[in-house]
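Here is a briefing on one protein model.

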Amino acid sequence: MDLFSALNNIQNHFFNFKVVQLPKRKQFTLKEVSAHCTENDCWMVIKDLVYDVTEFMREHPGGSDIMLEYAGTDATMAFADKPHSLDAWIILEKYIIGELVPGERMFDNTISS
């Protein structure tokens, strides 16, 4: 086997792998999100991602009332306007349940499906 063939075999071994595609997130319309606007069923949208924050309502440092103001709506600006730490963004990740349908997104670069 010559050097070229050997290098080609190594390249094939390391670079010919199957890319695993993550499952697509469930998609919701803003109308669907708006149906979840109570303390016992609270969804909101932040940067085109849909979150079910019902379980977090009691834990929110600012209280549940501030979250209820944005329940069932796009809360991107409200979330961005308040000082939220990196930890808050990390905590938020565990509540993702989906994303907005493409026609209703405002932040195309944030969705990776």
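Serine 64 counts as buried, because its relative accessibility is 18% and the cut-off is under 20%. The model is a predicted one. Serine 64 sits in helix H3, which spans residues 64-69. Leaving aside residues up to four places away in sequence, serine 64 touches Glu39 and Met57.

**Sheet layout**

- Five strands make up an open sheet. Their order is E1-E5-E4-E3-E2. The pairing is mixed.
- Which strands stand at the edges? They are E1 (27-28) and E2 (37-38). Each has a single partner strand, so one side of each is left without a neighbour in the sheet.
- Strands of a sheet pair through backbone hydrogen bonds, in either a parallel or an antiparallel sense.

**Pairings of E5**

- E1 pairs with strand E5 (residues 96-100) in the parallel sense, over two bridges.
- Glutamine 27 has glutamate 99 in E5 as its bridge partner. Phenylalanine 28 stands opposite leucine 100, also in E5.
- E4 and E5 run antiparallel and are joined by three bridges. Tyrosine 51 has isoleucine 96 in E5 as its bridge partner.

**Pairings of E3**

- E2 and E3 pair in the antiparallel sense, with two bridges. They form a hairpin, and two residues lie between them.
- Cysteine 37 is bridged to cysteine 42 in E3.
- E3 and E4 are antiparallel too, paired over four bridges. Isoleucine 46 has leucine 49 in E4 as its bridge partner.
- E3 and E4 also form a hairpin, again with two residues between the strands. Lysine 47 lies in that turn and has a positive phi of about 50°.
- Is E3 enclosed or open to the outside? Five of its six residues are buried, so E3 is largely enclosed by the rest of the structure.

**Nonpolar cores**

- The largest nonpolar core has 15 residues. Those touching the most other members are Cys42, Met44, Ile46, Tyr51, Val53, Met67 and Leu92.
- Strand E3 (41-46), strand E4 (49-52) and H5 each give two or more residues to this core. E3 gives the most, with three residues.
- A second, separate core has six residues. Among them are Phe28, Trp43, Val45 and Leu100.
- What does isoleucine 46 touch, not counting residues up to four places away in sequence? Its contacts are Tyr51, Ala75, Thr76, Phe79, Trp89 and Leu92.

**Helix H5 and the surface**

- Helix H5 covers residues 86-93. Leucine 86 is in this helix.
- Leucine 86 is exposed, because its relative accessible area is 64% and the cut-off is over 50%.
- Leu86, Trp89 and Ile90 make a nonpolar surface patch of about 320 Å².
- Trp89 belongs to this patch and also touches isoleucine 46.

Note on methods:
Residues numbered from 1 in each chain as written. Predicted model: local features only at pLDDT ≥ 70, side-chain atom pairs only at ≥ 80, totals over all residues. Heavy atoms only, no water. Pairing = 2+ DSSP bridges. Patch = residues over 30% accessible without salt bridge, like charges linked within 9 Å, V, L, I, M, F, W, Y side chains within 5 Å. Areas by Shrake-Rupley, 256 points an atom, 1.4 Å probe, with all protein chains shown as cover. Salt bridge = Lys/Arg side-chain N within 4 Å of Asp/Glu carboxyl O. Buried < 20%, exposed > 50% of the residue type's maximum accessible area, 1.4 Å probe, protein only. Core = buried A, V, L, I, M, F, W, Y, C linked by side-chain atoms within 4.5 Å. Contact = heavy atoms within 4.5 Å.
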